[in-house]
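Q: Could you take me on a close look at one part of this protein, the packing inside it, and then show me how that part sits within the whole?

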Amino acid sequence: MTETNPAPQPASRQDDANRVVIFDTTLRDGEQSPGASMTFEEKLEVADLLDALGVDVIEAGFPIASEGDFESVTEIAKRLKNASVAGLARASDKDIDRCAEALRAARRPRIHTFISTSPVHMKYKLQMEPARVLELVASSVTRARNHVAEVEWSAEDGTRTELDFLCRAVEIAIKAGATTINIPDTVGYSTPAEYEELFRTVRERVPNSDKAIFSVHCHDDLGLAVANSLAGVRGGARQIECTINGIGERAGNAALEEVVMAMRTRPDVLPYHTGVDAKLLTRASKLVSAVTSFPVQYNKAIVGRNAFAHESGIHQDGMLKNAHTYEIMTPESVGVTKTSLVMGKHSGRHAFREKLKELGYDLGENALEDAFRRFKDLADRKKVVYDEDLAALVDDEIVTANDHIKVLALMVMAGTHGPQSAALTLDIDGEKVTHQATGNGPVDAIFNAIKALAPHDATLELFQVHAVTEGTDAQAEVSVRLSEDGKSVTGRGADPDTLVAAARAYVSALNRLIAKRAKTKPEAMQAG
Ligand SMILES: CC(=O)SCCNC(=O)CCNC(=O)[C@H](O)C(C)(C)COP(=O)(O)OP(=O)(O)OC[C@H]1O[C@@H](n2cnc3c(N)ncnc32)[C@H](O)[C@@H]1OP(=O)(O)O
Ligand SMILES: CC(C)C(=O)C(=O)O
């Protein structure tokens with residue numbers, strides 16, 4: 001240890017014993033995800049947001065890896081206002097010196113140097129004797145401490161390392177001046193109980209272990225990265241290395257948003273805290289997803305689009321009565337504006353009524369029941385029912401409530417070999433009537449069937465189709481304009497089946513025409 005670089009007080013000891021340092025490695029281990037490379041500008045944008053998020057350390061890159069990595073670590077080192085900036089370096093003089101050079105302008109530079117300690121890594125990858133590895137632990141940490149005050153040393157593949165050897169290596173690293181000791185689960189092999197015990201044992205056995213902060217760094221090969229990280233903290237670690245959205249080598253690293261929110265939500269069993277402003281978690285997730293082009297899975301904890309969405313009627317009913325029934329944290333606490341009650345085939349009446357209210361509809365009980373029946377029918381046929389779908393459906397319901405003519409059933413034969421035909425069943429003033437017609441295309445066949453069942457002289461002036469939402473299962477909204485005696489009316493129909501929507505739209509226009517005639521000639525209430 002040198003006089004020029006006195007060891008700083010680790011963040012957890014400055015504050016209190018249960019403060020956990022958050023070391024974000026999105027820009028280093030996260031970028032090691034195949035396909036996740038970020039441009040220089042994107043890295044700066046992510047670094048700025050991580051700094052605002054309140055992480056304690058940002059691992060900005062591996063300066064020896066490339067000119068680009070060197071430049072981005074250099075620039076991030078210059079601009080960060082709060083967090084320490086770390087650069088990764090092998091146990092090699094040139095790596096450490098290059099890293100120190102990149103970190104020169106940082107307010108709080110940290111060199112993170114590592115070497116493998118497991119038998120398989122030492123023998124096959126490094127091709128070094130264990131004694132040589134121990135020598136490199138001492139020399140690399142010493143060299144790093146000659147450059148900066150914060151030095152982190154990592155025992156790569158620590159969880160597959162023989163315990164006695166690991167303790168020896170940690171002891172040497174602390175003696176050489178390491179301020180943070182990281183024991184990574186490099187290949188995601190450990191289990192929570194094992195990892196917790198490992199930290200407890202190493203901290204108990206290594207002399208002066210209280211001079212360094214112990215750190216976890218977990219990979220998700222068995223889906224245990226977050227559980228292992230929290231277990232390591234229970235075993236005495238006070239730094240968690242993690243990434244936004246859990247991106248990282250292979251199956252990824254522990255997700256920052258998950259470890260932070262686990263500690264916030266369960267202080268009874270995880271009585272630890274961090275300096276992270278959780279309200280920025282969703283924004284950070286979106287930014288990292290955008291710059292890496294890695295989509296966030298819908299059901300991802302904390303930041304997935306379904307994390308605060310409820311579709312099932314029973315859950316929605318519970319949520320409307322009290323959000324604690326199905327939410328263990330508020331969406332606002334992680335920067336999501338609000339819970340969403342998604343309307344779908346599993347939704348019930350409580351949520352349907354609430355959603356309509358939100359959309360500005362106040363239906364009576366009967367109309368609501370009819371609209372609910374049609375909504376269930378729509379949800380059975382359509383993956384997602386959007387607000388626009390509901391509005392189209394209810395508008396249709398309101399408009400058709402007093403109609404003389406209603407579409408009951410439609411069967412269309414269409415294809416390359418015409419003529420196309422349509423078998424249509426209508427309810428005309430309570431009477432069920434069916435007709436099969438042919439036409440020049442399926443729509444023409446449908447309109448011919450309507451004309452046969454409800455004869456009229458109106459002229460078709462407009463036929464227009466548009467999709468209410470996106471996707472191949474989107475509802476089609478069809479508009480039909482009919483004119484008669486210089487008066488024109490427009491009818492609309494919505495349905496995932498464009499032809500059904502066309503039939504509804506034509507019939508809707510016809511109903512309006514009948515209503516118009518009734519107003520001017522009360523005796524002519526009948527169609528045709
Ligand atoms: C667990 C982790 O995430 S570790 C970080 C992994 N990240 C990366 O590897 C990304 C950046 N890496 C790179 O750009 C390149 O691998 C570089 C620039 C670091 C090195 O490139 P090259 O010099 O071409 O070496 P290459 O990558 O092929 O092999 C790695 C060499 O480093 C050695 N090495 C690996 N880890 C260490 C270490 N911690 N300390 C000392 N030497 C090490 C290997 O034994 C091998 O040495 P050899 O050339 O004598 O056989
Ligand atoms: C360099 C170390 C910390 C690492 O990334 C790992 O072991 O996974």
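A: Happy to. Let's start at Ile-58: in this predicted model, leaving aside neighbours within four places in sequence, Ile-58 is in contact with Asp-24, Leu-27, Ala-47, Leu-50, Asp-51, Ile-76, Leu-80, Ala-83, Val-85 and Ala-86. Ile-58 belongs to the largest nonpolar core, which has 95 residues, and is one of the five that touch the most other members, alongside Ile-22, Val-85, Ala-173 and Val-259.

Stepping back, the chain is divided into domain 1 (20-292), domain 2 (309-398) and domain 3 (403-520). Between domain 2 and domain 3, the C-alpha centres are 29 Å apart, and each of these two domains gives 10 residues to the contact. On the domain 2 side, helix 14 (365-381) and helix 15 (387-400) are the elements that give two or more residues; helix 15 gives the most, with five. By class, that side holds six charged and four nonpolar residues, and no polar ones.

Finally, have a look at ligand 2. Around ligand 2 you will find Asp-29, Phe-114, Ser-154, Glu-156, Asn-182, Pro-184, Thr-186, His-217 and His-219. Strand 5 (150-156) and strand 6 (180-185) each supply at least two residues of this shell. By class, the shell around ligand 2 has five polar, two nonpolar and two charged residues.

Terms used
Residues numbered from 1 in each chain as written. Chains lettered and ligands numbered in written order. Predicted model: local features only at pLDDT ≥ 70, side-chain atom pairs only at ≥ 80, totals over all residues. Core = buried A, V, L, I, M, F, W, Y, C linked by C-beta atoms within 7 Å. Buried ≥ 20, exposed ≤ 12 C-beta atoms within 10 Å, placed from the backbone. Contact = placed C-beta atoms within 7 Å. Domains from an automatic or database assignment. Helix = DSSP H or I, 4+ residues; strand = E, 2+ residues; numbered from the N terminus. Nonpolar A, V, L, I, M, F, W, Y, C, P; charged D, E, K, R; others polar. Near = placed C-beta within 6 Å.
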